[in-house]
Amino acid sequence: MLKLYNTLTKKIEELKLIKDKEVGLYTCGPTVYNFAHIGNLRTYIFEDLLKRVLEYNGLKVNHAMNITDVGHLVGDGDEGEDKLEVGAKREGKNPLDIAKFYAEKFLSDLRDLNIELPDPKMILPATQAIPEQIEIIKQLEAKGFAYKGEAAIYFNTSKLPDYGKLSGQKLSEKKSGARDEVVQDPDKKTPADFALWFFLKGKYENHILHWPSPWGEGFPGWHIECSAISRKLLGQPFDIHTGGVDHIGTHHTNEIAQSEAAFGVPLANVWMHGEFLLVNEGRMGKSEGNFITLDTLKKEKFLPIDYRYMCLQAHYRSQLNFTWQSLGSAHTALNRLFDFFDFVSDVVPGQIDKNFEKDFIAAIEDDLNVPKALAIAHQLLNENIIPLEVKKASLIQFDKIFGLNLTQRTIASIPPEVDKLAIERKTAKDQKDFAKSDELRKQIEALGYEVMDTPEGQKVKKKIGI
Ligand SMILES: [Zn+2]
């Protein structure tokens with residue numbers, strides 16, 4: 001019995017599905033105007049764990065995700081520039097080229113983290129769902145939830161009695177969308193009202209991306225794309241909507257408002273949110289000078305899978321503090337598992353240990369308690385009386401959730417350039433060219449790895465203590 005925390009009801013609930021054996025899962029995708037930082041990526045790791053747990057339960061997961069390539073303004077509210085136009089100016093390119101470049105980079109980051117991607121036809125950029133967004137705005141207008149201002153068509157939040165139910169914040173308490181949003185559009189009836197469609201006027205006069213609409217040439221607001229794309233790809237209502245906790249107050253609140261006002265049924269039944277990643281106990285950001293990406297980790301000779309492991313060590317609803325030391329500890333713990341798989345490389349997997357599996361399932365089904373599941377895996381590893389073939393079979397089974405690729409150490413844990421040097425070293429050593437093999441060892445060590453000759457052959461490991 002799978003139980004999950006629902007932000008909407010603020011309770012841990014048994015998952016009840018709309019269809020038998022199938023689950024509709026929506027992931028709020030990235031705004032592709034810059035590299036994703038590891039805090040953004042933590043949310044996608046949480047969503048991947050959720051997806052794997054659903055699959056472990058024998059469910060077919062229909063997984064959809066948007067890519068924001070228009071309409072997301074700096075500050076998350078209705079003020080400021082479109083982030084894509086900011087990216088385009090910064091790099092002297094067209095917004096759609098910017099979107100394409102960063103979307104590809106984002107998807108490659110997810111692959112590096114061994115995250116299962118949605119089917120390509122279930123990943124939809126906002127710019128490819130403009131008619132669907134216009135359709136919802138037309139519905140809202142027909143039902144009296146939309147009004148026209150000088151700069152945009154707005155959603156009238158005061159018409160919706162349960163507006164803000166996701167965050168539990170009352171309309172009277174809700175300030176304008178974002179913290180740095182000081183200037184208010186004088187056209188807005190209430191500060192919480194938000195743009196559905198911007199006109200090419202004022203600061204948006206030269207907005208590069210625009211489309212015709214019943215209200216004139218313009219571009220959609222940010223929130224409407226998720227209402228439109230999730231409905232198009234999954235239907236409405238669907239089962240589970242996910243994202244980061246930072247989306248609860250505005251983005252997801254507004255998605256719910258639009259979709260429910262337009263169609264009179266819920267958008268999604270369960271809303272799940274992943275907590276923040278802190279860096280040295282603080283916020284991560286460009287201005288803080290600690291903007292860490294997967295490439296930053298790679299430069300420090302860590303692997304994406306080390307970071308994935310680190311995220312598994314914290315519950316998705318707890319904040320996680322990133323330090324280089326904690327990443328190093330994650331690497332060490334992960335390598336205990338890889339070492340075991342090296343050790344049993346010739347062992348044929350046997351039966352799964354039923355007791356450990358029972359505890360493991362109880363943990364993951366208790367609102368995705370993956371840290372506990374990981375502790376159970378290590379406990380199994382340290383258990384002396386359990387035969388190797390049982391340990392191996394059980395860990396392979398558990399790895400369906402962890403997604404660490406435990407049976408593929410060379411692919412998963414050693415960078416290609418190190419792997420290549422290691423192969424060359426082995427050849428040199430086999431040919432008794434010790435001068436060359438020593439030289440190659442030094443090159444491997446310079447890359448932060450150590451090479452050992454063991455009875456089972458040559459082993460390469462990351463050096464600890466960078
Ligand atoms: Zn969204």
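**View 1. Lys10, in the loop between strand 1 (3–6) and strand 2 (11–14).** Strands here are DSSP runs of E with at least two residues, and helices are runs of H or I with at least four, both numbered from the N terminus. Before you look further: this is a predicted model, where local features need pLDDT of at least 70, side-chain atom pairs count only at pLDDT 80 or more, and totals for chains, interfaces and linings use all residues. Residues are numbered from 1 along each chain as its sequence is written. Lys10 isn't a glycine, yet its phi is positive, about 60°. Lys10 is also exposed, with 9 other C-beta atoms within 10 Å; exposed means 12 or fewer other C-beta atoms within 10 Å of the residue's own, with C-beta atoms placed from the backbone.

**View 2. Lys21, in the loop between strand 2 and strand 3 (22–27).** Here's a residue other than glycine with a positive phi, near 65°. Around Lys21, 9 other C-beta atoms lie within 10 Å, so Lys21 counts as exposed.

**View 3. The cis peptide bond between Gln236 and Pro237.** Omega for this bond is about 0°. Pro237 sits in the loop that runs from helix 5 (223–234) to strand 10 (238–244).

**View 4. The domains of the protein chain.** The assignment gives domain 1 (3–8 + 16–274), domain 2 (295–412) and domain 3 (414–462); such bounds come from an automatic or database domain assignment. Taken over C-alpha atoms, the centres of domain 1 and domain 3 are 49 Å apart.

Note on methods: Buried ≥ 20, exposed ≤ 12 C-beta atoms within 10 Å, placed from the backbone.
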